[in-house]
Amino acid sequence: MSSPDREVRAARNDAAAPSRRPVVAVTGAATGVGALLTERLATSEEIKQVVAIDERRGEMSEAQWHLLDVRDPAIAEKLRGADVVVHLALDLDLESDPTARTAYNVRGAQTVLTAAAAAGVHRVVLCTSAMVYGALPDNDVPLAEDAELRATAEATGVGDLLEIEHLARRAPRAHPGLNVTVVRPAILVGGTDTALTRYFESPRLLVVAGSRPTWQFCHIEDLVSALEYAALEKVEGEFAVGCDGWLEQEEVEELTGIRRMELPSAVALGAASRLHRLGLTPSPAGDLAYTMHPWVVSGSRLHDAGWRPGWTNEEVLAELLEEVAGRHTVAGRRLGRKDATTLGAAGATVALVGTAALVRRARKARRRV
């Protein structure tokens, strides 16, 4: 997409602001999506003030910073005077301890919702993922935003996101007067590291026989733009954000130039399960479903509010390929250059060779103990 086209869409997304400029608090404001949103809001004429909350100070000097853990009940005092809170302090790192990650994510969201209500905040914006809809063979393409959330807790972080969704739905009943908006991005790209972005670091694209993969991306810039829309109350409720449309697996292979390696379901799922159980890969077998079955979302609520994505699926995929260039992953596990060179000679069987090698290495290590 050309720069003028992006400027036109950006102007369209900067619709008329509410009559009173809000004070917006952002948690997780020092890094990632939180840092980008803090910068965007702090330089916006539609925002009166940005309150930035994190455990360390970020680079945006125009924001008012408070350094604390979002699980600390003292956050209520820091939120006093804010109109809207955008909660982005989430740990979705593949390498995090699952128990500690859940404790941080769920307790953090719960504390922020309670503290916001106590501080007189009238809206909280939460960010989960379109993964909460679940990747299932009978999903509509695209899914309506009010579709049932049919995901399970078997994929990385999805159990945490489902619990946050539950908290979001319960909060207005527990705290009358508090409105909650939930934003669900498609596969997020732009400095991110997930099981789904690592899929494109492999020398072959694993395709499970009989599956129907569909790919829909969301550039981090578009997510930030959508979060700004939510903060300015131009859209509310539960809505998805991503590029328009989707790509079929054949289109992805043509665009990336990476050939597929097709495996029977039992082999692929069995290998993924064994590797994760042995602690050799960060991704549980449940992550594989999101590369097998469709979970494309419509994004109609944002569109109805006048928002449009600045990126296409093709453009985001091209950026993702640039980001992962030089990285080598087999079965979700990053390999060093030496391992990648050795396995690269295995051609079409590289993933299976890598799986077997990792399992053998783990067994030998256990025998030495």
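Figure 1. At 32% relative accessibility, Arg71 counts as partly exposed, meaning between the cut-offs for buried (under 20% relative accessible area) and exposed (over 50%), worked out with a 1.4 Å probe on protein chains only. This is a predicted model, where local features need pLDDT of at least 70 and side-chain atom pairs count only at pLDDT 80 or more, while totals for chains, interfaces and linings use all residues. Residues are numbered from 1 along each chain as its sequence is written, and side-chain values use heavy atoms, with hydrogens and water left out. Arg71 sits in the loop between β3 (64-67) and α3 (75-79); helices (H or I, at least four residues) and strands (E, at least two) are DSSP runs, numbered from the N terminus. Setting aside neighbours within four places in sequence, Arg71 is in contact (heavy atoms within 4.5 Å) with Ala103, Tyr104, Arg107, Gly108 and Thr111. Arg71 and Val106 are 35 residues apart in sequence, yet their C-alpha atoms are 9.3 Å apart in space.

Figure 2. Of the 369 residues in the protein chain, 51% are buried. Take the contacts in the protein chain with a separation of 6 or more: 78% of them are between residues 24 or more positions apart.

**Figure 3. The largest nonpolar core.** A nonpolar core is a set of buried Ala, Val, Leu, Ile, Met, Phe, Trp, Tyr and Cys residues joined through side-chain atoms within 4.5 Å. The largest one has 36 residues, and Val86, Leu223 and Leu227 touch the most other members. Two or more residues of this core come from each of β1 (23-27), α2, β2, β4 (84-87), β5 (123-127), α7 and β11 (238-241). The top contributor is α7, with 8 residues. Which residues does Val86 contact, leaving aside its neighbours within four places in sequence? They are Val24, Ala25, Val26, Thr27, Leu37, Val125, Leu227 and Ala231. There is also a second, separate core of 32 residues, with Val70, Ala119, Ala168 and Leu178 among them.

Figure 4. A pocket is found on a 1 Å grid over the protein atoms alone: it is an open set of points with protein on both sides within 12 Å along at least five of seven lines, whereas a cavity is a set of points where a 1.4 Å probe fits but cannot get out. Lining residues have an atom within 4 Å of a point. Grid points are joined across faces, edges and corners, and a volume is the space filled by probe spheres set on the points. The largest pocket has a volume of about 1,100 Å³. Its lining takes in 42 residues, and Leu90, Asp91, Leu92, Asp93 and Leu188 lie nearest the centre. At least two lining residues come from each of α2 (32-42), β2 (49-54), β7 (187-189), α6 (195-198) and α7 (220-231); α2 gives the most, with 3 residues. By class, the lining has 23 nonpolar, 12 polar and 7 charged residues, where Ala, Val, Leu, Ile, Met, Phe, Trp, Tyr, Cys and Pro count as nonpolar, Asp, Glu, Lys and Arg as charged, and the others, Gly among them, as polar.

**Figure 5. The second largest pocket.** This one holds about 250 Å³ of space. It is lined by 19 residues, with Pro98, Arg101, Thr156, Gly157 and Pro284 nearest its centre. Helices α4 (98-119) and α5 (158-174) each supply at least two of the lining residues. The lining splits into 7 nonpolar, 7 polar and 5 charged residues.

**Figure 6. The second largest cavity.** Sorted by class, the lining has 6 nonpolar, 5 polar and 1 charged.

**Figure 7. Glu253 in helix α8.** Glu253 belongs to helix α8 (residues 249-256). Is Glu253 buried or exposed? It counts as buried, because its relative accessibility is 16%. Beyond its neighbours within four places in sequence, Glu253 is in contact with Leu205, Val207, Ile258 and Arg260.
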